[in-house]
Structure formats: C-alpha cells, structure tokens
Amino acid sequence: MQTTVLKVNPDSFEPSILYPVARALQRGELVAFPTETVYGLGAIYRDETALRRIFTTKGRPNDNPLIVHIWNLDQLTELVQEINTKFQKLIAAYWPGPLTLIFPKKPAVPDEITAGLPTVAVRMPSHPVARELLRLTGIPVAAPSANLSGKPSPTLGEHVMADLNGKIPWIIDAGPCNAGLESTVLMLDQAKPIILRPGFITREMLEEVLQEPVTVATGQTDRPSAPGMKYRHYAPEAPAILVMGSKDAIVSKINAILRQRREKERIAVIGSSENLSKYETELVLDMGSEHHLELAANRLYNLLRTCDRLKVDRILIEGVADHGIGAALINRLYKASGGNVINVT
C-alpha cells in the first residue's frame, strides 16, 4: 500500500487541505492524524470492518478498548446514554483537551470499540488539525495511538512513518504534539471518580473541579476498562530499568550499573538536566529539568525512540516525583520498563 503524507502547519492551514483525508475516513479508510497528546490512528466509529483493521494494523489485542474522538457535544449524545452533573463539570473545565471520560454507551457503539464493555471512552481533542478533520468528517472517529502495539507512542510524524508507512493510506504530519503523553482517562464508577490512566490533567486538577477525592487505579487488569491498563506499553526495543529514590542515590546507583555493565553493553541514560554531567558515560539523553516535568513528558517517547535508533543494549532512566504530571510520567516509565524498577535510598 502506498502511504500519502500530508504536511500541515497547525498554526496556519486552509481547511480544504484536509478534504481528501476526511473523505478517506468516511469511506472506511484508516488515517493517522495529530492530536495535542500523541498521533492517533483513526477510523469512523460505526464502520466495524475499519475498526477491526485498526487492531490488525497495529497488532493490538482486541480486548483493549479504543477512545472515540468527537468534534462537538452533539456527537457525544450520539454515543452515550447519560451525561450527569459531574461529567458536565469536567467537560466545561477540560474539553477540548487531553481528558478522556468513560460513559455508559448507547447500543449503536460497536463492541470493537468497547471490547464488549457497557461503557465507551470519549474525548474532544484540542489540536486544531484534529478538530478540523473531525468537523469535516462529520462522524466520531475511534483512534488509539498511531504506532505498532507496545512501542513508544508517536509524538512526531516521522514516528508514525517509522511504524506505519506502507500500512495505511494517509498520514497527516503536523509536527510535534504539544503534550507528548496520552490523555488522562477518568471513570465515574458508581459516581466515584477513578483515574484509569494518568495524564496531563492531573488528579489535583480533577479534584479542584469535582470538589471531592479522586483515586488512581493501581496495577494491571485482565479486562481493561481503558487503554494502557493491561499490556506492556510504550516500550523501547532495549530493556529499560527505572531507578527510583533520592536524586543522589539514583545517580550513584546508575553509575554503579554503568561501571558493572558498560564494557559488555552499550547503555543509554535518560536523566534530568541537573544530573547530566554526573553520569559516567557520554550517552546521556536530556529529559529536561526535574522542576519542569511538562517538558520531560513532552520528550519522553522521542527519547525512547532515540534509544531505538542508537541501537543501545540497555536503558537506565531516572525516576521523578510521583505527583502532578509526574504521576503520568511514572505510569509510562513503569510500563516502558516492564515493571523493572530499582528503588534506592
């Protein structure tokens, strides 16, 4: 299959440039498109054949639910049975934006999207290209990340090309995604707010809107209610080790591993800007300042893919504070490492 790459400047583009892509979606074709979080691989939600093609193209297990992307609230009523007061508060505060909400679904939503669950995950992206594409398509679009299953999510058009070139007909390349991490996924389980996947909309931000405690789901599950809950995700090709603890202890432990293994292995370190010069190797990748974790979140997947390009044998990663956006970073790093975590003091 020949893939057409459409380059779009998200700050200045004519909507008409997206007409052929919107028509392709309407015909049941797959399209990779940018959002503010990561690039998505989309198909219209009511075409079951196209939805199944998402799973086969990505190599994605079919018991992993998809998120449906909408243009406006009229499309939401097409998908869900109920929008209670708490949902309304969250929508008013954070849509469009990187928040996915899980609603009771209407019967018309296919099982391919929900993995047979009675709920559907929905979000309204804020990226201007995504919004215009959804508007022109006129039909909600189901879209997981536009990567091969298990690999780091794509935050650049070139990441999508590396994974899906020749496998899908259209890729919209609009440059880097601003957030760089997938959306926060929130479920109101019996009216109790639970974060199923941390993201840029933090627990603290949700609690401020809802004026009640929000919990975070822990561990994995045999039947995930949202993407990112079951499988090893976001993983580079080389095995990764996440080192958690005080900053001095982390540096000491990583250097000890380097001294032990560097004669036998090509090892990359992903560390904070403040610690780059402290590591006993030249192969250090800058995650950004530990005081500005939004930058670390934006860079993470690109750094993991850089390690793939460098063909390293092992990756050692500094842990970060597990609060605010750091909770989302730790979630992704834990899965990228397959749970291979060293705690030091």
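Trainee: How far does the backbone oxygen of Met 205 lie from a polar atom of the side chain of Tyr 94?

Mentor: This is a predicted model, in which local features need pLDDT of at least 70, side-chain atom pairs count only at pLDDT 80 or more, and totals for chains, interfaces and linings use all residues. Residues are numbered from 1 along each chain as its sequence is written, and side-chain values use heavy atoms, with hydrogens and water left out. A polar contact is a pair of N or O atoms within 3.5 Å; within protein, one must be able to donate a hydrogen and the other to accept it, and residues adjacent in sequence count only if both atoms are side-chain atoms. For Tyr 94 and the backbone oxygen of Met 205, the distance is 3.1 Å.

Trainee: Is Tyr 94 buried or exposed?

Mentor: Not counting residues up to four places away in sequence, Tyr 94 touches Leu 99, Ile 201, Met 205, Leu 206 and Val 209 (contact means heavy atoms within 4.5 Å). The relative accessibility of Tyr 94 is 15%, and buried means under 20% relative accessible area, exposed over 50%, partly exposed in between, with a 1.4 Å probe and protein chains only. Tyr 94 therefore counts as buried.

Trainee: How is helix 1 oriented relative to helix 6?

Mentor: The contact is made by Tyr 19, Val 21, Ala 22, Leu 25 and Gln 26 of helix 1 and Leu 133, Leu 136 and Thr 137 of helix 6. The axes, lines fitted to C-alpha atoms over the stretch in contact, with angles from 0 to 180 degrees between N-to-C directions, are 9 Å apart and at about 55°. Angles under 35 degrees count as roughly parallel, over 145 as roughly antiparallel, 65 to 115 as roughly perpendicular and the rest as oblique. Helix 1 is therefore, relative to helix 6, oblique.

Trainee: What is the relative accessible area of Thr 137?

Mentor: Thr 137 is placed in helix 6, residues 128-137. Leaving aside neighbours within four places in sequence, Thr 137 is in contact with Ala 22, Leu 25, Gln 26 and Ile 44. Thr 137 is buried, and its relative accessible area is 4%.

Trainee: Which residue follows helix 2 with a positive phi?

Mentor: At the start of helix 2, a side-chain oxygen of Asp 47 reaches to within 3.2 Å of the backbone nitrogen of Thr 49. With phi near 70°, the residue after helix 2 is Gly 59.

Trainee: Which residue of strand 15 stands opposite Ile 241?

Mentor: In strand 12, residues 240-244, five of five residues are buried. Strand 12 runs parallel to strand 15, joined by four bridges. Opposite Ile 241 stands Leu 316.

Technical notes: Helix = DSSP H or I, 4+ residues; strand = E, 2+ residues; numbered from the N terminus. Pairing = 2+ DSSP bridges.
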